[in-house]
Amino acid sequence: MGTKTADETGAETGAEATTDEEKVSVTKSTDDVSESGTEAGAEPEAAAAATEAADGTDADLDAEDAEDLEDDADLATDLAEAEGPSGVGQGAGAVVSVALGLVSLTGGWIGTVAAARETLVGQLQTSSTASVATQVKEVYGDAWQTTALWAGLFALAALLTAVVVLARPAFGTPGKPQAPWIKSVAWAGVALGVIGLLLAVLKYSDALLGLPSTS
């Protein structure tokens, strides 16, 4: 058998080294391709998972917001029921009482028509031969008393309306105070009603602006 020379030994060694390097290179390339494939496949899955998580989170937030809105609506309804009436009716009643009181003091069309009718009736029923005192009473006195009567009715209505408005909180929700402006307007209605009623009584009884003497 022949002995291998140094050149042959070096060539074989170089060939084996080259083969090993090619194997390592191929292995690395395969690993790189595998890792790239894994990363490329993992990224869409991670993105999909993140999207699903975000959608789930948004859905949970929307559900929580809806529940919060429902809770707020229920709370507002409960508070409104606990507070009871808003006082709109009481305010309207107070304003009406003031209006009625003003009508009792200044006069209204119904009182004017009633007085004119009474004057006409007195003229028709009174004879031309009747005394002057009788004619004055039938034609003017009765008409004035009719005006005072209607003024007194308006004043009484104003007084009763104002009293009802002031007494209403006692029959409503316990502990709910009445608005100050409602009290003020209602008390104004009481004052106008009392004044109008007093003047109507004085006029009806001829204690105020009575008939002139005909003697």
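Guide: Two residues are in contact when heavy atoms lie within 4.5 Å of each other. In this predicted model, among contacts in the protein chain between residues at least 6 apart in sequence, 82% join residues at least 24 apart.

Visitor: What makes up the secondary structure of the protein chain, and in which pattern?

Guide: The protein chain has 5 helices and 0 strands, and along the sequence the pattern reads α-α-α-α-α. Of its 215 residues, 18% count as buried. Its accessible surface comes to about 14700 Å², and carbon and sulfur atoms account for 64% of that surface.

Visitor: How do you know that the span of helix α3 agrees with its number of residues?

Guide: Helix α3 covers residues 109-125, which is 17 residues. The expected span is 1.5 Å times one less than the number of residues, so α3 should span 24 Å. The C-alpha atoms at its ends are 24 Å apart, and the two values therefore agree.

Visitor: Why are the buried residues of α3 said to line one face of the helix?

Guide: The residues in question are Gly111, Ala114, Ala115 and Gly122, which are buried in α3. Viewed down the helix axis, the buried residues fall within an arc of 100°, and therefore they line one face. What covers these buried residues includes α4 (132-167). The face of α3 turned away from the buried side carries the exposed residues Trp109, Thr112, Arg117 and Leu124.

Visitor: Why is Glu118 called partly exposed?

Guide: Glu118 has a relative accessible area of 22%. Buried means under 20% and exposed means over 50%, so Glu118, at 22%, is partly exposed. This residue is found in helix α3.

Visitor: Which residues are in contact with Glu118, its neighbours within four places in sequence left aside?

Guide: Glu118 is in contact with Glu138, Asp142, Ala143 and Thr146. Thr146 is 28 residues from Glu118 in sequence, whereas their C-alpha atoms are 7.4 Å apart in space.

Visitor: What makes Tyr140 and Trp144 an aromatic pair, and why is the pair called tilted?

Guide: The structure holds 1 aromatic pair. Tyr140 and Trp144 form that pair, with 6.2 Å from centre to centre and 50° between the planes.

Visitor: Where do Tyr140 and Trp144 lie, and how many residues apart are they?

Guide: Both lie in helix α4, 4 residues apart, which is about one turn of the helix. Tyr140 counts as partly exposed at 45% relative accessibility, and Trp144 counts as partly exposed at 36%.

Visitor: Why is the pairing of Lys137 and Asp142 called a salt bridge?

Guide: Their side chains meet at 3.4 Å, N to O. A salt bridge requires a side-chain nitrogen of Lys or Arg within 4 Å of a carboxyl oxygen of Asp or Glu, so 3.4 Å qualifies. Lys137 is partly exposed, with a relative accessible area of 41%, while Asp142, at 13%, counts as buried.

Visitor: How many salt bridges does a search of the whole structure find?

Guide: The search finds 2 salt bridges. Lys203 and Asp206 also meet in one, at 3.9 Å, N to O; this value too is within 4 Å, and therefore the pair qualifies. Lys203 counts as buried at 15% relative accessibility, whereas Asp206 counts as partly exposed at 33%.

Visitor: What is the phi of Asp206, and where is its place?

Guide: Asp206 has a positive phi of about 65° although it is not a glycine. Its place is in the segment after α5 (180-204).

Visitor: Why does Ser97 count as buried?

Guide: Ser97 has a relative accessible area of 0%. Buried means under 20%, so Ser97 is buried. This residue has its place in helix α2 (residues 88-106). Not counting residues up to four places away in sequence, Ser97 touches Ala158, Thr161, Ala162, Val185, Ala186 and Gly189.

Conventions. Residues are numbered from 1 along each chain as its sequence is written. This is a predicted model: local features need pLDDT of at least 70, side-chain atom pairs count only at pLDDT 80 or more; totals for chains, interfaces and linings use all residues. Side-chain values use heavy atoms; hydrogens and water are left out. Helices (H or I, at least four residues) and strands (E, at least two) are DSSP runs, numbered from the N terminus. Buried means under 20% relative accessible area, exposed over 50%, partly exposed in between (1.4 Å probe, protein chains only). The arc is that of the directions from the helix axis to the C-beta atoms. Rings of Phe, Tyr and Trp (its six-membered ring) pair if their centres lie within 6.5 Å; planes under 30 degrees apart count as stacked, over 60 as edge-to-face and the rest as tilted. Accessible areas come from the Shrake-Rupley method with a 1.4 Å probe; for residues, only the protein chains shown count as cover.
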